[in-house]
Amino acid sequence: MNTPAHTHTIDSRDDANERARQSTMLSPRFYTTDFDAFDRISVEGMRSQWDAMMQEYEGDNNHDHFQRDEAFQDELSAAMAKWSPELRQELFDFFVSSLTSEFSGCILYNEIRKKIENPDIQQLMTFMARDESRHAGFINQSLRDFGLNIDLGELKRNKHYTYFKPKYIIYATYLSEKIGYARYITIYRQLERHPELRFHPIFRWFERWRNDEFRHGESFALIMRANPDLLRGMNLWLIRFFLLAVYATMYVRDHQRPILHNAMGLEATAYDYEVFRITNTITEQVFPIALDIDHPEFRSGLEHLLQIARAHEAAKERGGLVGNLQRAWHAGRAFVAFTRLYFVPVKTQAVLAEPRLRPTW
Ligand SMILES: [Fe+2]
Ligand SMILES: [Fe+2]
C-alpha cells in the first residue's frame, strides 16, 4: 500500500511557496559553487564540437515554443473536471518540484555567467539560463491557473543554497539534465500512444522541451570529454556516487506520486527503470561505468530504501520526542542501505568514440 508523501496538501499560494522553499533530502535544492574554478575550465580539447553546439543554441529553435496555444485553456478545463482530489495534489506537487529544479538550474547558470570571464562557459551559461527560465516560467503559468504561482524572486532570496565543488556540479548537472530528458521523453511517448490519458495540456510541450534538456546534458558531456581527468581514476568513485544519488532520489520521489503515474498508465517502478535504462545508455558518451540496474541486490536495495523513506516520513509526521528518535533511527538505516547499494558491483562499458549523441529515444 502506498502512503502519500506529504500529508500536508497544497491548498494555497502560501502552501505552494512553502513547499518550493523546503529543504529535505528529497526536495530539489539550489546550489552555489567555486566560480573561479569554472573560469578556468577549458573546452579546447573539443573545440569543433563545442562551436557546433553553440551554433545550435544560437539557432534557438524553441524561442516561440513556450507559449500556450489556443486549445490550452479548453483542454485544461475539460481535463481538470475529471481529476480526483489525490491526482490534483500529486500534480501540484509535481509542478512545484519540477519548477524548483528548473529554476535551480536557472539561478546557478546565471550566477556562473555573472561571476566568470571565460567566454566559452559564459556563453553556454547564458543559453542554459535562458532555456531554464522559459521552462520555469511555463510551469509557473500552470500553477497560476490555480492561484498557486511561486514568487521566484522570494524563492531565490530565501531558499537555502548548498555548496557543491565545481566537479560535483559538473557530474550532477550532466546527470540531472540527461535524466530530465529521459523522464520527459518517456512520459511523452506514453501519452503519444495513449492520448486519452493526457490529463493536462502541458504534456504536449514535453517533446520539444526534452530537446533543451538533452542539449544541456550534451554541453556538460563535452566539458567532461575535454577534461578527461574527470572521467578516470578516483573520480569514478564520485561518478558512481552521483549516479546512485540521482537514481535513488528519483526512485523514492516518484513513488511518492503513485496516482500521477497511474493516471498516465504508468507504474512508478516500471517507469523509473525505463528512465534508468535510457540514462544508462546515454551515459556511454562519457562514463566508463554504469549502475547495474538489473542486479537483484540493486533492485531490492532501492525498494528497501523506499520503505525506509516512508518510515522516516511517518516519523516526521508523528513529531515529538518519539518521532524525532525514530527519524534519527531511520536516517541511520537509510545511510546503511545507501552504502550497501553503493557497493553493488557496477558494469563497465566502452565509452563512445563520438562524444555527441542525438535525442532519438
Ligand atoms: Fe529545463
Ligand atoms: Fe536543463
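This is a predicted model: local features need pLDDT of at least 70, side-chain atom pairs count only at pLDDT 80 or more; totals for chains, interfaces and linings use all residues.
Let's start with helix α13, covering residues 296-318. From its first C-alpha to its last, this helix of 23 residues reaches 33 Å, close to the 33 Å expected at 1.5 Å a residue. Some of its residues are buried, including Phe298, Leu302, Leu305 and Ile308. What do the buried residues of α13 pack against? Their neighbours are α10 (235-255), α12 (268-282) and α14 (320-342).

Now for the charges. Side chains of opposite charge can pair when their charged atoms come close. Searching the whole structure turns up 28 salt bridges.

Have a look at Arg21, whose side chain meets that of Glu18 in a salt bridge, 3.2 Å from N to O. These two sit three residues apart in helix α1 (residues 13-21), so about one helical turn separates them. Both are partly exposed: Arg21 has a relative accessible area of 26%, and Glu18 has 41%.

Arg21 also forms a salt bridge with Glu154, with the closest N and O atoms 2.9 Å apart. This pair links distant parts of the chain, since Glu154 is in helix α7 (residues 152-158) and Arg21 in helix α1, 133 residues apart. Is Glu154 buried or exposed? At 18% relative accessibility, Glu154 counts as buried, because the cut-off for buried is under 20%.

Finally, salt bridges can join up: Arg19, Asp93, Arg183, Arg253, Asp254 and Arg257 are linked in a network.

Methods:
Residues are numbered from 1 along each chain as its sequence is written. Chains are lettered from A and ligands numbered from 1 in the order in which they are written. Side-chain values use heavy atoms; hydrogens and water are left out. Helices (H or I, at least four residues) and strands (E, at least two) are DSSP runs, numbered from the N terminus. The expected span of a helix is 1.5 Å times one less than its number of residues. Buried means under 20% relative accessible area, exposed over 50%, partly exposed in between (1.4 Å probe, protein chains only). Contact means heavy atoms within 4.5 Å. A salt bridge is a side-chain nitrogen of Lys or Arg within 4 Å of a carboxyl oxygen of Asp or Glu.
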